[in-house]
Structure formats: C-alpha cells, structure tokens
Amino acid sequence: MKLGVNIDHIAVLREARRINDPDPLQALGICTRAGADQITIHLREDRRHIHDEDAAAIIRHSPLPVNLECAQAPEIIDFVCEHRPLRATLVPEKREEVTTEGGLDVTGDPTALKEVIRRLHEAEVEVSLFIDPQPDTVIAAKELEADWIEFHTGHYANLWAMLYSNLSRTHHAIESLKLPRRDLKKMLDEELTTLNELAAHAHDIQLHVAAGHGLNYQNVAPIAKIRQIEELNIGQSIIARSVFTGLEAAIREMKALL
C-alpha cells in the first residue's frame with residue numbers, strides 16, 4: 001500500500017503568521033527520503049493554505065508523483081491542465097468548512113463533471129473522484145470514466161475517535177455521535193465492512209482505489225488491511241506528529257504501519 005503525504009498543513013502553519021516560513025517546498029526531499037510514495041496537496045478556491053505558486057513549484061520540483069486535490073472551479077481546472085500533476089482528485093468544497101466534510105456528488109447531473117474529466121484526460125492528468133463509500137457512487141465513478149476513486153474515510157475516523165480516543169470529552173466532540181459505546185462499535189464495524197466490500201467491488205470493475213481523511217496512527221491499521229486499497233493519502237496526523245518527532249520520523253512511522 002502506497003502512502004501519499006499531504007503537506008498542506010505545513011502551509012497552514014505559514015499562513016497562520018502570514019510569512020514565508022515554513023515553506024512546504026522544503027518537505028519534498030524529506031518525504032522522499034522517508035519513503036513516501038506521493039505528494040498530495042489541495043489547492044482550495046480560497047487559497048487558505050497552499051497557493052498557486054506553491055502548487056506550481058511542488059509539481060515542478062517534486063521527485064515524487066503529485067496528486068493535486070481540487071474543486072471543479074474553472075480557474076482551478078485551468079491551472080491543473082497547465083501544470084499537469086500526475087493526478088487530480090476532484091473534491092467538493094465549501095468555503096465555510098474547516099476541512100472537506102464529505103464526498104463529491106457524482107450521482108446527479110453528470111454534464112459538468114464529465115467535461116472536467118474530459119479536459120483533465122486531454123491534458124494527460126489521471127482523474128480520481130473523492131467519494132463517500134456507497135454503492136451508487138462507485139458505479140457512478142466508473143460511468144464517468146474516472147481512473148481512481150478515493151473513499152472519504154471521515155465517518156470511519158469520527159466513529160473511531162468517539163469510541164477509542166478522548167474526543168468525546170473535549171469541546172470538539174461530535175454531537176451526532178454522542179451515543180452508547182455498543183452503538184458506536186456496531187456502527188464502526190459496519191463502516192469497515194462497507195469499505196471492504198466497496199473496495200473489492202471497485203477493484204473488480206477496474207477502478208484504482210485510494211482512501212483518506214481523518215486517518216491517523218491509531219485508526220489506520222484496519223484500513224491498511226483492505227488489500228484492494230492501493231494508496232492512502234494522509235496529512236494532518238503526520239504533520240501533527242512531526243511537531244514532536246520531526247517529519248522524516250513521522251512519515252517512517254506511518255509507512256511502518258502500512
């Protein structure tokens with residue numbers, strides 16, 4: 001299983017002070033040395049962390065393949081087609097959200113999405129769709145001629161955190177998941193079963209399968225056991241760990257878990 005390291009949160013630290021340090025470009029050599037397989041970045045419409053010049057420099061200089069997560073905004077797609085990372089992962093995006101809250105709507109009117117996928121393929125950019133783990137979204141992704149799907153593992157991660165971490169005792173507790181432990185355990189088992197079954201189905205219909213969102217050192221092992229998932233994209237937990245261990249050690253620890 002390959003590891004894509006999302007380095008957006010390095011830019012989050014930079015933007016918090018609105019200066020030029022730390023520079024996410026400096027992470028490329030460390031990620032390579034530590035055994036990462038891919039660099040992942042998210043060029044958001046509001047440029048809250050990675051900016052255009054960051055993304056262009058990372059695509060140009062990275063010795064590892066680059067997976068650029070982005071919305072379908074025309075100017076973003078123009079940027080992707082110009083700079084041509086290995087892959088573009090199309091994600092939903094809301095300005096007010098802290099992080100991506102769910103998967104892309106791929107079951108509605110496909111006209112606009114089909115045109116974006118056509119443009120990206122014409123620019124020789126692989127296309128991945130960031131989707132919720134549901135049977136209809138997998139089928140829709142195949143019909144849209146995506147190369148990859150990436151399962152949004154946020155619900156799995158939230159269930160894990162409310163069941164096994166101290167999240168429920170903090171001000172970040174998830175209100176909708178303040179449930180008895182037996183209910184959380186059942187829901188977690190069901191979500192993991194769904195991910196297993198849908199990964200197998202996607203593989204059978206010749207989609208490449210990735211997963212990501214909310215994965216960390218505590219909850220990643222069950223996901224890493226799903227053999228049809230080829231790649232995990234993990235960012236926040238690795239960058240958070242690197243504050244205490246350094247980035248190279250944090251990546252090596254995650255690679256060991258995979």
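Predicted model: local features only at pLDDT ≥ 70, side-chain atom pairs only at ≥ 80, totals over all residues.
Local features were taken where pLDDT is at least 70 and side-chain atom pairs at pLDDT 80 or more, whereas totals for chains, interfaces and linings use all residues. Residues are numbered from 1 along each chain as its sequence is written, and side-chain values use heavy atoms, with hydrogens and water left out.

Helices (H or I, at least four residues) and strands (E, at least two) are DSSP runs numbered from the N terminus. Residues are termed buried under 20% relative accessible area, exposed over 50% and partly exposed in between, for a 1.4 Å probe and protein chains only. In helix 3 (residues 52-61), the buried positions are D54, A55, I58 and I59. Viewed down the helix axis, these buried residues fall within an arc of 125 degrees, so they line one face of helix 3; the arc is that of the directions from the helix axis to the C-beta atoms. E53 and R60 are exposed on the face turned away from the buried side. The cover over the buried residues of helix 3 includes helix 1, helix 2 (27-34), strand 2 (38-42), strand 3 (66-70) and helix 4 (74-83), contact being defined as heavy atoms within 4.5 Å.

Helix 10 (residues 236-245) has S237, I238, I239 and S242 buried. Its buried residues pack against strand 1 (2-6), helix 1 (8-17), strand 8 (231-234) and helix 11 (247-257). The axes of helix 10 and helix 11 come within 7 Å and cross at roughly 130 degrees. Helix 10 is therefore oblique to helix 11; angles under 35 degrees count as roughly parallel, over 145 as roughly antiparallel, 65 to 115 as roughly perpendicular and the rest as oblique. Axes are lines fitted to C-alpha atoms, for helices over the stretch in contact, and angles run from 0 to 180 degrees between N-to-C directions. The contact involves S237, I238, I239, R241, S242 and T245 of helix 10 and L247, A249, A250, I251, E253 and M254 of helix 11. Helix 10 is followed by G246, which has a positive phi near 90 degrees.

Residues up to four places away in sequence aside, I238 touches L3, V5, Y217, L247, A250, I251 and M254.

R87, in strand 4 (residues 87-90), is buried at 3% relative accessible area. Beyond four places in sequence, the contacts of R87 are Q38, V66, N67, L68, V125, E126, V127, S128, W148 and E231. S128 belongs to strand 5 (residues 126-131) and is buried at 1%. With neighbours within four places excluded, S128 is in contact with R87, A88, T89, L90, W148, I149 and E150.

Most residues other than glycine have a negative phi, and most peptide bonds are trans. A cis peptide bond joins D21 and P22, with omega about 5 degrees; P22 lies in the loop between helix 1 and helix 2. R84, which is not a glycine, has a positive phi of about 50 degrees. R84 is located in the loop between helix 4 and strand 4 and is partly exposed at 44% relative accessibility. H213 has a positive phi near 115 degrees and sits in the loop between strand 7 (208-212) and helix 9 (220-224).
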